[in-house]
Amino acid sequence: MKSTNNNNMASHGLTYEGCNFFRQRLVLSTLSGKRVKIRSIRSKEDEPGLRDFEASFVRLLDKVTNGTKIEINQTGTVLFYQPGLLYGGSVEHDCSPQRSIGYYLEALLMLAPFMKNPLKATLRGVTNDPTDPTVDLLKLTALPLMKKFGIDGEGFEIKVVKRGMAPGGGGEVVFTCPVKRTLKPVQLTETGKIKRIRGMAYSVRVSPQMANRIVDSTRAVLNQFIPDIYIYTDHMKGANSGKSPGFGLTLVAETLDGFFLSAEMSSTPQGQGDPMLPEELGRNCAKMLLEEVHRGGCVDSANQSLALLLMTLGQQDVSKVLLGPLSPYTIEFLRHIRDFFQIMFKIEVQKPLEDERKGGDKVLMTCVGIGYSNLSKTLK
């Protein structure tokens with residue numbers, strides 16, 4: 001999908017086509033204050049226009065901002081979005097069960113530090129599904145990453161109150177985040193060796209034995225590499241277990257320098273495709289973690305765009321982050337950062353030396369932050 005840029009900068013508007021990278025565009029629009037028009041959203045499909053989960057995402061943005069103008073044409077194929085001020089405060093939102101809460105939470109993580117009031121968001125819906133990053137993954141990897149940029153303090157956490165598997169959902173998550181005036185620049189260039197692996201095997205509305213079977217098969221793979229492995233099991237019962245059965249695993253490898261690389265898998269949602277054995281899920285997830293360690297970098301592939309955004313918004317100083325190979329999503333995100341903030345990254349590919357067992361090619365990303373400051377915080 002190519003994006004068309006209007007040269008008429010007087011309108012400060014950007015125009016895009018298609019439904020790809022929908023969240024990226026709206027999040028960056030909200031942060032930069034630039035209006036966005038997205039045309040031809042699924043205009044050639046049998047059911048044209050925005051899907052439920054996208055409409056729900058737009059409503060969530062409307063709840064955390066003040067004065068946002070949103071216009072959608074009748075067929076839902078054209079969206080005009082003029083961002084208001086990030087307001088924050090206490091927000092409740094029922095997410096569409098088509099996508100997991102992680103889909104909405106990823107965007108909130110990018111916006112929350114810049115609100116006027118500390119955010120307390122209660123999101124309901126699917127907590128774990130095979131397509132989006134699960135809530136557990138964001139809790140274990142995104143929060144420690146944000147702390148490196150100085151986003152920290154009282155009440156910075158993601159709490160899973162109820163678990164809800166796809167397709168029924170019924171989960172509930174509370175995300176609280178303090179506000180920050182500015183972000184600090186970072187130099188994250190040395191990954192360091194893996195010192196330990198932590199994980200969580202969860203099961204809902206199936207036998208608690210499922211989680212134990214996942215743990216055994218995962219350890220069978222990972223014990224060959226490292227002794228310090230601890231995978232705890234989480235079996236939610238009754239009202240806290242959502243509406244659909246399922247199980248899954250989230251693994252996180254922590255390096256000596258305090259970086260987190262992760263992998264996860266969820267069971268196939270009920271009624272969609274072949275069921276998966278817990279042993280198979282454990283083995284596959286362990287292999288995915290090893291793959292992620294091989295790719296390496298200081299930030300895992302799920303959080304690349306979050307790291308790049310926080311670098312862009314940092315103080316006017318140089319930030320460097322070492323990443324594994326860039327995902328297609330991240331590459332598009334870099335294009336959007338250029339569109340909205342006129343920031344270009346310096347990208348250096350680092351090949352591992354022959355004798356070093358350091359995995360795949362790495363990419364060192366360098367940029368000078370734009371010195372973005374939280375405008376709401378200057379008044380006090």
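Predicted model: local features only at pLDDT ≥ 70, side-chain atom pairs only at ≥ 80, totals over all residues.

Me: Which residues lie nearest the centre of the second largest pocket?

Reply: They are Thr131, Pro133, Leu137, Glu264 and Ala302, out of 28 residues that line this pocket.

Me: Which helices and strands each supply at least two residues of that lining?

Reply: There is one strand, β15 (260-266), together with the helices α6 (278-295), α7 (304-312) and α8 (328-341). Of the contributors, β15 gives the most, with five residues.

Me: Let us turn to the chain as a whole. Which domains does the domain assignment give?

Reply: The assignment gives domain 1, at residues 13-85, and domain 2, at residues 194-295. Taken over C-alpha atoms, the centres of domain 1 and domain 2 are 35 Å apart.

Me: What residues does the UniProt annotation "domain: RNA 3'-terminal phosphate cyclase" cover?

Reply: According to the unreviewed UniProt entry, that annotation covers residues 15-347. Over this span the chain is 31% helix and 29% strand, and its end C-alpha atoms are 27 Å apart. A further annotation in the unreviewed entry, "domain: RNA 3'-terminal phosphate cyclase insert", covers residues 189-293. Residues 189-293 are 29% helix and 34% strand, with end C-alpha atoms 15 Å apart.

Me: How should I read the burial of a helix, for example α3?

Reply: In general, an α-helix has 3.6 residues a turn, so residues three or four places apart point the same way. In this structure, helix α3 (residues 101-111) is mostly covered, with 11 of its 11 residues buried. Among them are Tyr103, Tyr104, Glu106 and Met110.

Me: How many disulfides does the structure hold?

Reply: The general idea is that a disulfide is a covalent bond between the sulfur atoms of two cysteines. This structure holds zero disulfides.

Me: Next, how does one read the backbone angles?

Reply: Most residues other than glycine have a negative phi, and most peptide bonds are trans. Here, the peptide bond from Ala166 to Pro167 is cis, with omega near -5 degrees. Pro167 is placed in the loop between β9 (157-162) and β10 (171-177).

Me: What is the phi of Arg42, and where does Arg42 lie?

Reply: Arg42 has a positive phi of about 50 degrees, although it is not a glycine. Arg42 belongs to the loop between β2 (35-39) and α2 (52-64).

Me: Where does Arg205 lie?

Reply: Arg205 is found in the loop between β12 (194-204) and α5 (209-222). Its phi is also positive, near 55 degrees.

Me: Are these two arginines buried or exposed?

Reply: Buried means under 20% relative accessible area, and partly exposed lies between that value and 50%. Arg42 counts as buried because its relative accessibility is 13%. Arg205, at 49%, counts as partly exposed.

Definitions and conventions: Residues numbered from 1 in each chain as written. Heavy atoms only, no water. 1 Å grid on protein atoms, 1.4 Å probe; cavity = no way out; pocket = protein on both sides within 12 Å on 5 of 7 lines; lining within 4 Å. Helix = DSSP H or I, 4+ residues; strand = E, 2+ residues; numbered from the N terminus. Domains from an automatic or database assignment. UniProt positions renumbered as here; feature names shortened; annotations may be inferred. Disulfide = S-S within 2.5 Å. Buried < 20%, exposed > 50% of the residue type's maximum accessible area, 1.4 Å probe, protein only.
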